[in-house]
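Some notes on the fold follow, as numbered points. Please read them alongside the structure.

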Amino acid sequence: METLHLDACSPQSREQAIDEAARLLKEGQLVIIPTETVYGLAANALDPAAVAGIFAAKGRPQDNPLIVHVDRMEQIPPLVKELPPAAEKLAAAYWPGPLTMILPKSEAVPKVTSGGLDTVAIRMPSQPVARAIIARCGLPLAAPSANLSGSPSPTTALRCAQDMDGRVAAIVDGGPCQVGVESTVVSLVGPVPVVLRPGAITPEMIAGVLGECQVDDSVLHQLKEGQTAASPGMKYKHYAPKASVTILRGSSPAFCREVNRRGGEGVCALCFEEDLPHLQVAAIPYGREGDDLSQARLLFEALRELDEKGARVVYAREPHAAGVGLAVYNRLLRAAGFQVETLPEE
Ligand code: TXA
Ligand code: MG
């Protein structure tokens, strides 16, 4: 299939891009759209054939459920059995924005969208082009990250094209994503809200509104054999570059010293900008030390650049796993297959 490239960045073509995307989505086709987190591979969430196309295009396991994107609260009641007061409070505080809520699903949501679960994930994105496309087609849109299953989520239209050209009807370019890691997923089906996937809306921010919030074990720990994942996506290998990645825990001097010592053919550092002058090996920075927002914005792009550089062994500087850094660490842990080494300090 020939993939249309629609430019929603320039004011001249923006309206036309939105119109064309909405028209294709209403026809049941697949369209990649920008969101504030990462690019999403969208289709009509209520059309089982269109949603099946998403799984095929990504090579995604059928039991990994999709997030349904809406642009206003009135779209939600038909999708859910009930809208608990906690959901309304979180929506008032953080929607539109990078937060996904797990709620009991209605019959209207096809099983293929919810991965066979009786719950549905709902998010109202804030990116203006995403919002305009949802509004114009008038449909709830199922949209996973627009990468091939297993590779890092795309944060630019170029990265979407590299994975998905020929597999989707269109790619809408809305510029680079501002957040850079996927939305926070919080389950509201139990007695206490539980974060299943950390993102830019932190557990502290959720507890600030609801009084309490737990973080699921799988966020920072590898599932043991036979353990079931609360969020099916967490059990799959994810975000992984082709290289073998190890996280090194330690200060900038300890990290630079150790990486310089181990350096050689195919070795690359995934570091902070401040480390660059002290490294004698190939290095790609992902943000600044102590600046979790810059780290989140740049991590996935850096992982893709490592592949392009042909890195075979990657040593990654450990981010501080607090605030939005929890999301950064969660993604990096998966890219590293949970390999973490603590460095000796002098
Ligand atoms: O920021 C985002 O959330 C992006 C953009 C495009 O909106 N989307 C995204 O979708 O990251 P995806 O499919 O790559 O990740 C969805 C995550 C998966 O980990 C999935 O298992 C989980 O949400 N999820 C979806 N529905 C669920 C449900 N009913 N119960 C538990 N987890 C669910
Ligand atoms: Mg994904």
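1. Start with helices H8 (residues 292-308) and H9 (residues 325-335). In this predicted model, their axes come within 8 Å and cross at roughly 20 degrees. Angles under 35 degrees count as roughly parallel, so H8 and H9 are roughly parallel to each other. The crossing of H8 past H9 is left-handed.

2. Which residues make this contact? H8 contributes Asp292, Gln295, Ala296, Leu299, Phe300 and Leu303. From H9 come Gly325, Val328, Arg331, Leu332 and Ala335. By class, the residues of the H8 contact with H9 are 7 nonpolar, 2 polar and 2 charged.

3. Now the sheet. The sheet is open, has 11 strands and shows mixed pairing. Its strand order is E1-E8-E2-E3-E7-E4-E6-E5-E9-E10-E11. Which strands lie at the edges? They are E1 (4-7) and E11 (214-215), each of which pairs on one side only.

4. Look next at E2 (residues 31-33) and E3 (residues 40-44). These two strands run antiparallel and are joined by 3 bridges. Ile32 stands opposite Leu41 in E3. As background, strands of a sheet pair through backbone hydrogen bonds, either parallel or antiparallel.

5. What packs on the sheet at E3? Helix H2 (residues 48-58) does, touching both E3 and strand E7 (141-142). The direction of H2 makes about 155 degrees with that of E3.

Notes
Residues are numbered from 1 along each chain as its sequence is written. Chains are lettered from A and ligands numbered from 1 in the order in which they are written. This is a predicted model: local features need pLDDT of at least 70, side-chain atom pairs count only at pLDDT 80 or more; totals for chains, interfaces and linings use all residues. Side-chain values use heavy atoms; hydrogens and water are left out. Axes are lines fitted to C-alpha atoms, for helices over the stretch in contact, and angles run from 0 to 180 degrees between N-to-C directions. Helices (H or I, at least four residues) and strands (E, at least two) are DSSP runs, numbered from the N terminus. Angles under 35 degrees count as roughly parallel, over 145 as roughly antiparallel, 65 to 115 as roughly perpendicular and the rest as oblique. A crossing is left-handed if the near helix is turned anticlockwise from the far one by less than a right angle, and right-handed if clockwise. Contact means heavy atoms within 4.5 Å. Ala, Val, Leu, Ile, Met, Phe, Trp, Tyr, Cys and Pro count as nonpolar, Asp, Glu, Lys and Arg as charged, and the others, Gly among them, as polar. Two strands pair if DSSP finds at least two bridges between them.
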